[in-house]
Amino acid sequence: MNRFKSIVLAVAAALVATAYAVPAPTTSAASASLSIVPNKKYTIEPGRTINDKLTIRNLDAEQPLELTLRVVDFTFTDDGGTPKLLLDENEPQTTWSLKPYLNVPQTVSVPPRESQTVDMSVAMPQGIGGGSYYSAIVYSSGAPDGGNVGLSASGVTLAFVQVPGDVKEDLKLEKFGAYQQASGDNAGGYKYFNTNAPKSLAFTLKNSGNVVEAPVGSISLKHMFGREQIINDVNPNGSLALIGQSRTFVSCIKLKEQEVDFEGQQTQTKTCDDSGLWPGYYSAKLNLFYGQNGNRTQEINSDASFWYLPIWFILVLLALLSVVAFFIWRLVNKVQGKFGGPKVKKKSSRRR
Amino acid sequence: MLLAVFVFVVPAAADMRFQDRGLYMNSTEPGATTFYDVSFRYMSPQPVGSVDMLFCDDPIPYRPCVKPAGLDVSDATLTGQSGETGFTISNKSSNRIVLTRAPSMIGSGNSTYRLSGIKNPTDTNKSFSIRLRSHTSLNASGPQIDFGSVKGQVAQGIVLQTQVPPMLIFCMAEEVEYSCSGTNEEYYSDMGTLSPQSTLTAQSQMAVGTNASGGFAVTANGGPPSAGTNVINALGTPTASVPGTNQFGINLVDNTAPNVGFDPEGEYANAIAAEGYDVPDKYKYRSGDVVAYSSNVSLMKKFTVSYVLNSRADIKPGVYSTTITYIASGRF
């Protein structure tokens with residue numbers, strides 16, 4: 001009996017010792033490689049619910065992906081398309097928040113190299129006003145233990161809901177003209193005088209309505225000698241002006257479309273190619289349309305102009321002008337020499 | 001004399017734009033057969049005998065008309081009208097409808113025409129337009145009276161298995177594979193002991209790519225390193241590393257002072273380090289800043305983030321640490 005007791009105690013002691021010896025699992029043994037859908041867009045009538053799926057893929061070959069999900073509001077960072085996530089727990093809810101209506105699970109676990117599909121739903125209450133509602137679903141991997149600099153990875157899905165009905169649509173044109181993209185030390189922006197050939201035109205719209213807008217339309221660009229180019233689709237990516245945002249929509253003068261392979265799928269990408277503009281003065285005409293289904297189609301028209309004068313062109317022009325000036329000077333001298341030039345009478349002073 | 005010339009030269013009635021134009025699509029499902037309500041207000045005080053409705057990708061009336069993919073109005077019927085009434089369909093094709101009536105003078109107020117049996121376009125990425133023109137003639141020929149366009153768009157159903165879903169791929173660790181298929185599973189860096197004579201450095205990597213047409217943005221979030229209430233200040237603007245001062249900053253390019261980091265790796269040029277984080281030997285850190293982005297589809301690109309940490313001689317002792325959360329999101 002005593003022997004049995006001692007064996008049991010020894011086994012128990014061994015088990016306890018093992019429990020303490022095995023290091024506690026840390027978040028560093030989890031994956032931080034994920035694939036998610038970047039955005040979701042729905043049209044939902046008041047009183048209706050949409051059930052959908054979120055697919056999350058763990059790209060790590062060895063470690064599981066442990067994610068916590070939460071819904072936060074977002075707005076715009078600047079005049080571009082980067083969302084500003086309102087991550088603080090105490091952040092007040094925005095007027096366009098989808099948080100009260102969007103349901104997602106709190107945690108998701110995805111085994112290595114696998115996908116997990118989770119349910120989500122959006123329930124818009126009866127009587128909710130027409131307009132746009134949007135929030136972001138944040139997928140967070142765990143925070144690490146130790147070190148001076150810990151790393152944590154998160155992905156975000158932007159969710160947009162359009163509620164049909166009478167909406168307030170109000171886009172105002174703030175700027176329109178030639179646009180230089182930022183590169184290196186050169187800040188981007190609208191440029192009237194351009195020494196580098198502009199690759200794009202842009203327009204900035206202020207959205208004072210209660211609905212996100214994706215305007216469509218075209219731009220005609222005319223050179224001083226009559227050569228005309230048309231930009232048929234000024235918003236090929238369907239970019240949005242969020243509520244309250246002054247959004248700059250950049251349109252390539254010459255669009256380069258290319259098929260690329262992304263994760264085994266053919267995808268079309270669009271970039272601005274060299275515009276091939278001639279030096280000189282250009283005028284541009286903008287025709288924009290916007291309006292939600294069942295609401296008025298509204299139109300924005302505007303004109304702009306700009307100069308494209310490359311340095312080489314200015315130097316050639318100066319050289320040509322110098323040559324012309326030189327020949328005029330030579331001609332004037334020749335004429336003066338032939339006809340004796342203007343005769344100036346010497347004034348004689350008389351002494352009294 | 002000049003005034004007389006001006007009066008005679010300016011036409012008595014130029015064509016005008018229809019006002020209060022609108023389109024209601026009863027269903028916005030791609031390819032669905034539904035009814036459209038087309039509304040507008042006639043403007044020019046002239047008799048109207050026909051209205052031409054041309055369905056095109058482009059709303060601009062003088063441009064060549066490209067028929068929206070999948071749209072078919074050849075079976076459309078006029079099932080309702082208000083305002084200016086008495087119209088019937090006299091002519092139609094797959095993307096054109098002509099309404100006609102005995103020419104009569106217009107009144108005031110909006111007019112609406114319900115066209116049933118229209119098959120929606122199928123391209124959810126593109127809006128379409130109905131170019132409207134009114135004429136005195138019965139068959140939409142001759143000079144136009146008023147003109148204008150209305151815009152519509154079909155919306156994507158919830159699940160379309162035949163389409164490639166947009167995806168955003170993101171991974172982050174001390175070292176990552178270019179394709180995100182693996183990492184070294186190290187998510188923190190012990191940078192060593194602070195000293196006023198030297199700069200502590202570390203680096204981490206992230207790879208990101210998307211097939212979404214709007215591109216992606218990666219922001220860095222979190223405070224600078226701190227020990228209790230003592231904080232090593234982050235560099236608010238791109239600044240060179242100076243040992244002996246309190247500095248914390250990052251960038252995403254190859255540096256020589258100190259020797260840390262790499263330039264972004266990947267052939268595809270769409271994804272770039274953001275302004276302020278793209279200058280060699282200059283470091284910056286502001287929580288919430290975009291550190292890398294692409295404004296379009298971007299194949300996988302690997303970024304190496306370099307960290308520098310400097311301290312003054314009189315820094316309070318302690319373990320200075322922070323957690324930086326990199327958030328990858330789509331753009332809108």
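Residues 24 or more positions apart account for 69% of the contacts in chain A with a separation of 6 or more, two residues being in contact if their C-beta atoms, placed from the backbone, lie within 7 Å. The model is predicted, so that local features need pLDDT of at least 70 and side-chain atom pairs count only at pLDDT 80 or more, whereas totals for chains, interfaces and linings use all residues. Residues are numbered from 1 along each chain as its sequence is written, and chains are lettered from A and ligands numbered from 1 in the order in which they are written.

Chain A has an average pLDDT of 86, with 85% of the residues scoring at least 70; pLDDT is the predictor's confidence in each residue, from 0 to 100. Over residues 7–27 of chain A the pLDDT is below 50, and this stretch has six contacts in the model beyond near neighbours in sequence. Of the 352 residues of chain A, 35% count as buried. A residue is termed buried if 20 or more other C-beta atoms lie within 10 Å of its own, exposed if 12 or fewer, and partly exposed in between, with C-beta atoms placed from the backbone. Chain A contains two helices and 21 strands, these being DSSP runs numbered from the N terminus (helices, H or I, at least four residues; strands, E, at least two).

Chain A is divided into domain 1 (27–163) and domain 2 (171–311), with bounds that come from an automatic or database domain assignment. The centres of these two domains of chain A, taken over C-alpha atoms, are separated by 30 Å. Nine residues from domain 1 of chain A and 11 residues from domain 2 of chain A make up the contact. On the domain 1 side, β4 (65–76) and β9 (131–140) of chain A each supply at least two residues. That side of domain 1 of chain A comprises three nonpolar, five polar and one charged residues; Ala, Val, Leu, Ile, Met, Phe, Trp, Tyr, Cys and Pro count as nonpolar, Asp, Glu, Lys and Arg as charged, and the others, Gly among them, as polar. In chain B, domain 1 spans 12–152 and domain 2 spans 168–330, and 56 Å separate their centres, taken over C-alpha atoms.

In chain B, strand β10 (residues 144–152) is mostly covered, seven of its nine residues being buried. β10(B) pairs with β1 (residues 16–17) of chain B in the parallel sense over two bridges, where Met16(B) stands opposite Asp146(B). With β9 (residues 128–135) of chain B, β10(B) pairs in the antiparallel sense over seven bridges. Strand β14 (residues 216–221) of chain B is likewise mostly covered, with five of its six residues buried. Four bridges join β14(B) to the antiparallel strand β19 (residues 290–294) of chain B, and Phe216(B) has Ser294(B) as its bridge partner. Six bridges, also antiparallel, link β14(B) with β21 (residues 322–330) of chain B, in which Ile327(B) is the bridge partner of Thr219(B).

Between the chains, 65 residues of chain A are in contact with 75 residues of chain B. Strand β10 (residues 149–163) of chain A contributes nine residues, the largest share of the chain A side. By class, that side has 27 nonpolar, 33 polar and five charged residues. Two bridges join β10(A) to the antiparallel strand β12 (residues 188–189) of chain B, with Gly150(A) opposite Tyr188(B).

The largest nonpolar core has 121 residues, and those with the most contacts inside it are Phe170(B), Cys171(B), Met172(B), Met206(B), Val208(B) and Val218(B). A nonpolar core is a set of buried Ala, Val, Leu, Ile, Met, Phe, Trp, Tyr and Cys residues joined through C-beta atoms within 7 Å. The largest share of this core, eight residues, comes from β10(A). Apart from this core lies another, of 27 residues, among them Ile97(B), Leu115(B), Phe128(B) and Val150(B).

Technical notes. Two strands pair if DSSP finds at least two bridges between them.
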